[in-house]
Structure formats: C-alpha cells, structure tokens
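Please keep the sequence and the structure in view while reading.

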Amino acid sequence: MDDDLPEKCVKLVMLGDSSVGKTSLVTRFCYEEFGRQYYPTPGVDFFLKRTTIQGNRLVRAIMWDLGGQALEGSMFKNYLHGSQVILLVFDITNATSFTRLTDWWKAASRCIFGKPPLLALIANKCDMEHQRAVSLDKQMKFVNEHGIQSTHTVSARTGENVMLAFQRILAELLGVRLSKAEQEEQQGVVKAEIVAANHNQAYAGLPTTNSTICVIQ
C-alpha cells in the first residue's frame, strides 16, 4: 500500500444469533478462509482487514464479531460505542434467526447516540437456497420497516458475494460508487462442494461425506 495516502479507519459490528455465520463471514472477508468446525464466539472477537476502495482509497476495517449471547450481556452498549457500520446477520435456513433480528436492532438502537451508523442486512448461507425458510418478501419488508440502507445475500461457505458485499458496504459508508468492473473483480471464483449429506452439517461442524468440487465462474 502507498503510505502517502490517508487511511480511513472504520468500525463494523456484526450482530445476530449464534450459528448464523458471523465469524465465518468475517473470516472469509479477512483471510479468504472457511472453517468447518463451529466454535461459539464468547463475548466479542476482533478482526482487522486493510483494503482499498476505488483502487486508491485505503480503508482499515476493524470488525467486532459479537457472540450470540452478547445481546443479554452487560457490555453490549460498550461494544456498540463508536460503530460506523452495523451488520445484522441471519441464516436464510433458520426463520428464528431472522425474527430475532428485531430484538438485536431494538437493543442496538438504544445504544446509538449522535450520527447513526450505516445499517446493513446480511442474509447468509445462500448456497442452501433449497432450504430457505425466510421468504424474500419478509426480508424486503424488514429492510423497508427498519430503514436499512444496504442488503446482501452471501455464502461464507463458498465465498459467494462476501467480498463484494463488504466492498459495497464500505463504499456506501465513504459515499462512493463502485464501478461495474470493480464489482466484477470482487466476485471472484466460487467453489462449491457437491454433497449428498445434510448441508447443515458443514455449518454445525459435523463430519460430511467425501465430495467433488465444482468451480462456478
């Protein structure tokens, strides 16, 4: 990176129930990795990602990954302090994780003072579309009712749309628009496993059968 360019520091907070894939999403974004084993996040974890927007705008994204139990914790207000982006994450195959977003947002809204953060909705596990339990109509109704500025459908497992979603969110925060070429560059190659077993096993950390790999470009 060019040290002569100013670097914008951004605090992003991930909210959502346990097992929706918050840690998997931020791990995919920061390291382009996906771990099969599920380990609940105790309290809060932190990740750092340095990236560029529009080729020359340096951004240091500090990711606050809140565990699913943080909603009832005494430190919740402290975690939200100074956040510039709040990402509400749910699992499209888990209807409860979607309805609980209302509780997450109500709790977060009580902790916001001054300039409101950019609010984004992340629908995770789109590689399991055939098991979708949250209709697109309900998803869009939630977006409209809560004034959400940004909504994205992604898969931490395959990497589909993850890099693009975070790039778009950061661009929106900075008030810039990504070109078509820049968006296509972030989409990359998606690798999807073809498995005969229950696809939820991969997210639950359970063993799966051997499979082949297909590449979608």
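Contact here means heavy atoms within 4.5 Å. By that criterion, and not counting residues up to four places away in sequence, L178 touches I53, Q54, Q167, R168, A171 and Q183. L178 sits in the loop between α6 and α7 (180–187). Is L178 buried or exposed? Its relative accessibility is 8%, so L178 counts as buried. The separation of L178 from I53 is 125 residues in sequence, while their C-alpha atoms are 7.8 Å apart in space.

The model is a predicted one. The protein chain has eight helices and eight strands. Of its 217 residues, 46% are buried. Among the contacts in the chain with a separation of 6 or more, 71% are between residues 24 or more positions apart.

Six strands form an open sheet in the order β2-β3-β1-β4-β5-β6, and the pairing is mixed. Which strands stand at the edges? They are β2 and β6 (150–153); each has a single partner strand, so one side of each has no neighbour in the sheet. On average, and with direction ignored, neighbouring strands of this sheet are turned by 25° against each other.

The pairings can be followed strand by strand. β2 and β3 run antiparallel and are joined by 10 bridges; within this part of the structure, V44 has L66 in β3 as its bridge partner. β3 is also joined to β1, here in the parallel sense, by eight bridges. The bridge partner of E7 in β3 is L58. β1 pairs with β4 as well, again parallel, over four bridges, and V13 stands opposite I86 in β4.

Two helices, α1 and α6, pack on this sheet. α1 touches β1, β2, β3, β4 and β5, and its direction makes about 35° with that of β2. α6 lies across β1, β2, β3, β4, β5 and β6 and runs at about 75° to β2.

How do the two helices meet each other? The axes of α1 (residues 22–31) and α6 (residues 162–174) come within 9 Å and cross at roughly 85°. An angle of 65 to 115 degrees counts as roughly perpendicular, and α1 is therefore roughly perpendicular to α6. On the α1 side of the contact are L25, R28 and F29; on the α6 side are V162, M163, F166 and L170. The residues of this contact comprise six nonpolar, no polar and one charged.

How many of the 10 residues of α1 are buried? Eight are, so the helix is largely enclosed by the rest of the structure. The buried residues are K22, S24, L25, V26, T27, R28, F29 and C30. They pack against β1, β2, β3, β4, β5 and α6. Just after the helix, E32 takes a positive phi of about 55°.

The largest nonpolar core has 30 residues, and L12, L25, F29, M63, L87 and I169 touch the most other members. At least two residues of this core come from each of β1 (7–15), α1, β2 (44–53), β3 (57–66), β4 (85–91), β5 (118–124) and α6. The largest share is that of α6, with seven residues. I169 shows what such a position looks like in detail: leaving aside its neighbours within four places in sequence, I169 is in contact with L12, V85, L87, L118, A120, I122, S150 and H152. A second, separate core has 28 residues, including I86, F98, L101 and A108.

P42 lies in the loop between α1 and β2. With a relative accessibility of 72%, P42 counts as exposed. P42 and A70 are 28 residues apart in sequence, and the distance in space is 8.3 Å, C-alpha to C-alpha.

Technical notes. Residues numbered from 1 in each chain as written. Predicted model: local features only at pLDDT ≥ 70, side-chain atom pairs only at ≥ 80, totals over all residues. Heavy atoms only, no water. Axes fitted to C-alpha atoms, helices over the stretch in contact; angles between N-to-C directions. Parallel < 35°, antiparallel > 145°, perpendicular 65-115°, else oblique. Nonpolar A, V, L, I, M, F, W, Y, C, P; charged D, E, K, R; others polar. Core = buried A, V, L, I, M, F, W, Y, C linked by side-chain atoms within 4.5 Å. Buried < 20%, exposed > 50% of the residue type's maximum accessible area, 1.4 Å probe, protein only. Pairing = 2+ DSSP bridges.
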